Amino acid sequence: MNEAVSERHHDIVIIGGGAGGLAVAASLYKRRSDLDIAIVEPARDHYYQPGWTLVGGGVFTAEQTRRSMQSLMPAFVTWHQTAAEQLHPESRQVTLANGTTLGYTMLVIAPGLELDWQAIDGLEETLGKNGVTSNYRFDLAPYTWSLVQSMRSGKALFTQPPMPIKCAGAPQKAMYLSCYEWEKQGVLEHIDVHFCNAGGVMFGVPEFVPALNEYVQRYGVRTQFQHTLIAVDGPAQKARFRQTSDEGSKEVEMDFDMLHVVPPQRAPRLVRESSLANESGWLDLNAETLQHARFSDIFGLGDASGTGNAKTAAAVRKQAPVVADNLLAAMDGKPLPSGYLGYGACPLTVERGRVVLAEFGYAGKLQPSFPSWINQATRPTKLGWHIKAQQLPFIYWNLMLKGHEWLAKPKARV
Ligand SMILES: Cc1cc2nc3c(=O)[nH]c(=O)nc-3n(C[C@H](O)[C@H](O)[C@H](O)COP(=O)(O)OP(=O)(O)OC[C@H]3O[C@@H](n4cnc5c(N)ncnc54)[C@H](O)[C@@H]3O)c2cc1C
């Protein structure tokens with residue numbers, strides 16, 4: 001339902017109709033169906049972003065990852081189809097871009113994160129041409145696949161910006177699926193593949209690194225750590241990096257025929273420039289309860305959160321029921337019952353047909369969903385691929401966004 005009103009009050013206002021906003025609305029409704037819930041969301045379309053890696057790998061079409069927001073917006077919410085502009089936590093109000101002011105009893109903040117394309121000089125104007133692509137945009141992921149298919153020789157660069165980013169494994173997933181295709185086509189030996197990573201390791205959780213290194217070797221990838229992309233000259237096909245080491249930092253230039261870029265990422269302005277942010281700009285939440293550190297009537301989840309989990313839809317799947325339980329308890333003046341242990345998952349598509357299903361919580365503690373006789377947690381498996389390519393899209397659209405909390409029952413707080 002669309003509404004244009006100048007002032008309105010809701011029991012619960014949810015900012016964002018992405019993975020987090022829709023999942024938490026469904027989980028709230030499941031627990032209490034008489035609440036007046038509003039979702040503030042400007043976008044016409046909703047994307048299953050985890051699918052974009054598979055679009056770039058030629059497995060899904062882009063259209064398989066898109067649904068109209070209208071078709072997903074539950075009938076029980078009031079949809080304000082506009083952006084939240086400003087947060088006023090002291091007066092329990094949110095100002096919207098269309099001029100409406102919303103009052104709330106409880107607020108949930110889930111606007112995702114901001115991709116900072118402009119932080120890299122010359123990048124935006126060359127995206128989608130000159131061999132420059134990114135699986136981080138719906139419209140560009142198909143270009144990744146067309147570049148992969150047409151490339152027979154030359155130099156391919158895959159970049160990874162400083163953390164935090166959503167789905168920390170996605171920069172290298174793009175690389176492995178490209179290499180797998182080139183290997184299959186018999187051209188990999190003519191392609192010089194570089195992984196240019198702003199960080200110093202292949203993956204933040206050490207248990208998964210040996211399996212990844214095996215694929216780095218198999219595909220002949222040259223890893224270049226402490227390399228941060230700072231500028232791109234599309235027409236000249238040159239990329240400039242800042243390379244840091246113990247001796248200091250210097251700029252290095254590399255030619256490319258194909259460049260897969262993952263942009264730096266930051267909290268959305270709405271959060272970053274509000275009193276609700278932590279010192280890094282992310283939403284300042286209690287990591288276990290997902291309640292705001294200073295405002296007990298505010299909760300948050302998803303990529304905007306400053307909790308130390310992997311920013312993934314998998315994290316949202318576990319967070320939404322925790323937020324629903326705790327928000328309703330806070331509303332009733334009761335102790336918060338449920339705890340989030342930092343679960344996130346990154347299905348690393350090391351080849352077409354095998355995935356290392358990296359599942360872990362706070363401080364990198366492994367949290368596999370399945371016992372090792374079903375799926376080996378730190379090794380590439382066919383089952384992992386089946387889960388990524390077939391099960392997870394189904395779970396997202398039909399379970400997570402609908403309040404069916406499969407494998408996501410909240411843990412009682414200790
Ligand atoms: C290439 C890629 C690969 C990925 N792979 C995986 C994977 O394999 N597994 C996995 O679990 N996750 C993966 N992810 C991450 C996953 O998609 C995100 O973590 C997840 O979507 C986060 O949910 P969210 O609700 O926080 O943000 P989003 O789903 O991005 O939704 C945010 C919503 O908020 C809206 N919004 C923004 N600003 C405002 C505002 N001011 N007012 C109102 N609404 C606003 C936006 O329009 C959007 O609809 C991947 C992401 C990418 C890009």
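## The ligand and its surroundings

Domain 1 (8-113 + 268-338) and domain 2 (115-265) both contribute residues to the shell around the ligand, so the ligand lies between them. The structure described here is a predicted model. In this model, 35 residues surround the ligand, and the closest are G20, E41, K173, D303 and A314. By class, the shell around the ligand consists of 20 nonpolar, nine polar and six charged residues.

## Polar contacts and burial of the ligand

A polar side-chain atom of K173 is found 2.9 Å from an oxygen atom of the ligand. In the side chain of Q49, an N or O atom is 2.9 Å from an oxygen atom of the ligand. A19 takes part through its backbone, where a polar atom is 3.1 Å from an oxygen atom of the ligand.

The ligand taken alone exposes 1,000 Å², and the protein buries 89% of that area. Two or more residues of the shell around the ligand come from each of the elements α1 (19-31), α2 (52-56), α5 (170-185), α8 (313-331) and β21 (344-351). The largest share, three residues, is supplied by α8.

## The second largest pocket

The second largest pocket has a volume of about 510 Å³. It is lined by 34 residues, of which M163, A168, G204, A310 and F360 are the closest to its centre. The lining comprises 18 nonpolar residues, 15 polar residues and one charged residue.

## The cavity

How many cavities of 30 Å³ or more does a search of the whole structure find? The search finds one. The largest cavity holds about 60 Å³ of space. Its lining is made up of 13 residues, and those nearest its centre are R317, M400, H404, E405 and A408. By class, the lining of the largest cavity has eight nonpolar, three polar and two charged residues.

Among the elements of the structure, α1, α8 and α9 (382-399) each provide at least two residues of this lining. The largest share, three residues, comes from α8.

Note on methods:
Residues numbered from 1 in each chain as written. Predicted model: local features only at pLDDT ≥ 70, side-chain atom pairs only at ≥ 80, totals over all residues. Heavy atoms only, no water. 1 Å grid on protein atoms, 1.4 Å probe; cavity = no way out; pocket = protein on both sides within 12 Å on 5 of 7 lines; lining within 4 Å. Points joined across faces, edges and corners; volume = space filled by probe spheres on them. Nonpolar A, V, L, I, M, F, W, Y, C, P; charged D, E, K, R; others polar. Near = heavy atom within 4 Å. Polar contact = N/O pair within 3.5 Å; in protein donor to acceptor, adjacent residues only side chain to side chain. Areas by Shrake-Rupley, 256 points an atom, 1.4 Å probe, with all protein chains shown as cover. Helix = DSSP H or I, 4+ residues; strand = E, 2+ residues; numbered from the N terminus. Domains from an automatic or database assignment.
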